[in-house]
Amino acid sequence: DKAFGRDNSFLEFNPGKCLLPPSHTLFAERILSFDVREDDIWLISFPRTGSTWCQEMIWLLGNDLDFKSAQTLPQQIRAPLLELSSLMFQHKDVLQKLFPFNDTVEFVDKMKSPRFIKSHLPLDLLPTQLDKVKPKIICTMRNPKDMIISFYHYCRIFHDLSIPLEDFCDLFLDDSTPMGSVWSHYLGFWNKRHDENILVLKYEDMKKDSAGTIRQIAEHLGKNVTEKEIGDIKEFLSFSNMRENKACNLEVFIDTWKGKNYYKRSGDHFIRKGIVGDWKNVMSEEMAEKFDKWIEENTRGTGLNFEEV
Ligand code: A3P
């Protein structure tokens with residue numbers, strides 16, 4: 001209970017599956033019955049799987065490589081997180097200071113087509129129309145051993161997490177961290193990976209071959225793109241460039257919320273390290289073994305695997 005400083009209540013909505021703040025009840029029905037459009041482009045992911053990076057690839061491909069807007073307009077405006085108002089309900093003032101919306105569900109509902117929409121919700125909490133209307137959907141996934149290290153740092157910023165990494169890992173293995181079960185999230189989409197409108201990408205592949213990933217997304221979206229343009233996108237979205245880009249590094253967002261210069265002072269950056277295999281630097285051997293066993297048990301027979309890194 002003491003793990004999440006300001007935010008024990010985060011774990012109250014939908015226990016055992018997707019843990020969200022109780023304020024999600026105010027949005028849940030509206031999200032489930034949300035009007036989906038055929039030309040929407042959805043990015044759906046468990047947090048810390050490379051979704052901000054992937055979202056930039058998608059948005060640039062869908063917007064004629066508008067690098068200028070990608071540097072000046074926050075990603076939250078170009079491709080809003082549908083449930084942001086639910087997650088930030090206790091901190092509406094932060095959203096109001098920064099963005100032209102009080103309510104992200106309403107804002108996204110009124111956006112002009114084609115809409116770029118992001119969500120961290122699992123399939124069963126997302127609009128039921130996704131299945132019927134079948135807009136383009138892209139999902140990112142990542143080896144849980146790396147994802148958890150990244151999530152630990154994220155929760156320190158966003159949920160005042162104050163426990164050691166090992167304890168956090170145990171909570172995660174018990175599906176008891178914000179957003180709950182990573183497997184119910186991953187497998188919901190993994191099992192639909194053969195649907196024509198769904199593209200599943202893994203962070204490890206995005207790192208290994210960013211150009212190939214951009215090409216794959218372009219193909220999925222039906223966009224013609226030259227090799228030169230792919231190279232330009234790749235370069236624009238290099239880790240070091242993205243880390244400096246205030247339109248997607250959340251520096252302004254976090255400083256508005258936590259106080260000026262918090263971002264630089266804390267060292268817990270949203271765009272943090274950007275490597276594969278960071279778990280090896282910080283995870284005990286015993287914990288890594290627990291993870292391996294847990295990953296094996298939860299992916300057995302599903303065809304989902306994560307390259308050993
Ligand atoms: P790390 O914390 O391991 O560095 P999400 O956007 O889904 O929350 O995922 C965040 C993770 O993606 C973070 O991982 C972040 O650093 C990484 N990331 C963001 N932009 C990246 C980029 N351009 N290249 C590589 N990794 C990136």
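## Burial and overall form

Of the 309 residues of the chain, 38% count as buried, a residue being called buried if 20 or more other C-beta atoms lie within 10 Å of its own, exposed if 12 or fewer, and partly exposed in between, with C-beta atoms placed from the backbone. This is a predicted model, in which local features need pLDDT of at least 70 and side-chain atom pairs count only at pLDDT 80 or more, while totals for chains, interfaces and linings use all residues. Residues are numbered from 1 along each chain as its sequence is written.

The secondary structure comes to 19 helices and 4 strands, where helices (H or I, at least four residues) and strands (E, at least two) are DSSP runs numbered from the N terminus. The chain has a radius of gyration of 18 Å, close to the 19 Å that the globule rule gives for 309 residues, so the chain is as compact as a globular protein of that length; the radius is taken over C-alpha atoms, and the rule is 2.2 Å times the number of residues to the power 0.38. Along the principal axes, the C-alpha atoms fill a box of roughly 50 × 40 × 40 Å. Among contacts in the chain with a separation of 6 or more, 72% join residues 24 or more positions apart, two residues being in contact if their C-beta atoms, placed from the backbone, lie within 7 Å.

## The annotated domain

The UniProt annotation "domain: Sulfotransferase", from an unreviewed entry, covers residues 39-303; UniProt positions are given in the numbering used here, feature names are shortened, and annotations may be inferred rather than shown by experiment. Over residues 39-303 the chain is 54% helix and 8% strand, and the end C-alpha atoms are 30 Å apart.

## Around the ligand

The ligand is surrounded by 19 residues, of which the closest are S51, T52, S150, R272 and G274; a residue is near a molecule if its C-beta atom, placed from the backbone, lies within 6 Å of it. At least two residues of this shell are supplied by each of the helices α2 (51-62), α9 (144-158) and α15 (239-244).

By residue type, the shell divides into 6 nonpolar, 8 polar and 5 charged residues. In this division Ala, Val, Leu, Ile, Met, Phe, Trp, Tyr, Cys and Pro count as nonpolar, Asp, Glu, Lys and Arg as charged, and the others, Gly among them, as polar.

From its first C-alpha to its last, α9 reaches 19 Å, close to the 21 Å expected at 1.5 Å a residue, the expected span being 1.5 Å times one less than the number of residues. After α9 comes D160, whose phi is positive, near 50 degrees.

Within α19 lies E296, which counts as exposed because it has 10 C-beta neighbours inside 10 Å. E296 and F306 are 10 residues apart in sequence, and their C-alpha atoms are 10.0 Å apart in space. After α19 comes G301, with a positive phi near 80 degrees.

## Loops and backbone details

The peptide bond from S113 to P114 is cis, with omega near -5 degrees, and P114 lies in the loop between α7 (104-110) and β2 (116-119). L65 is not a glycine, yet its phi is positive at about 55 degrees; this residue is found in the loop between α2 and α3 (67-72), and is partly exposed, with 15 other C-beta atoms within 10 Å. N261, also a residue other than glycine, has a positive phi near 70 degrees. The loop between α16 (251-258) and α17 (262-266) holds N261, which is exposed, with 10 other C-beta atoms within 10 Å.

N245 is found in the loop between α15 and α16 and counts as partly exposed because it has 19 C-beta neighbours inside 10 Å. Although N245 and T72 are 173 residues apart along the chain, their C-alpha atoms are separated by 8.7 Å.
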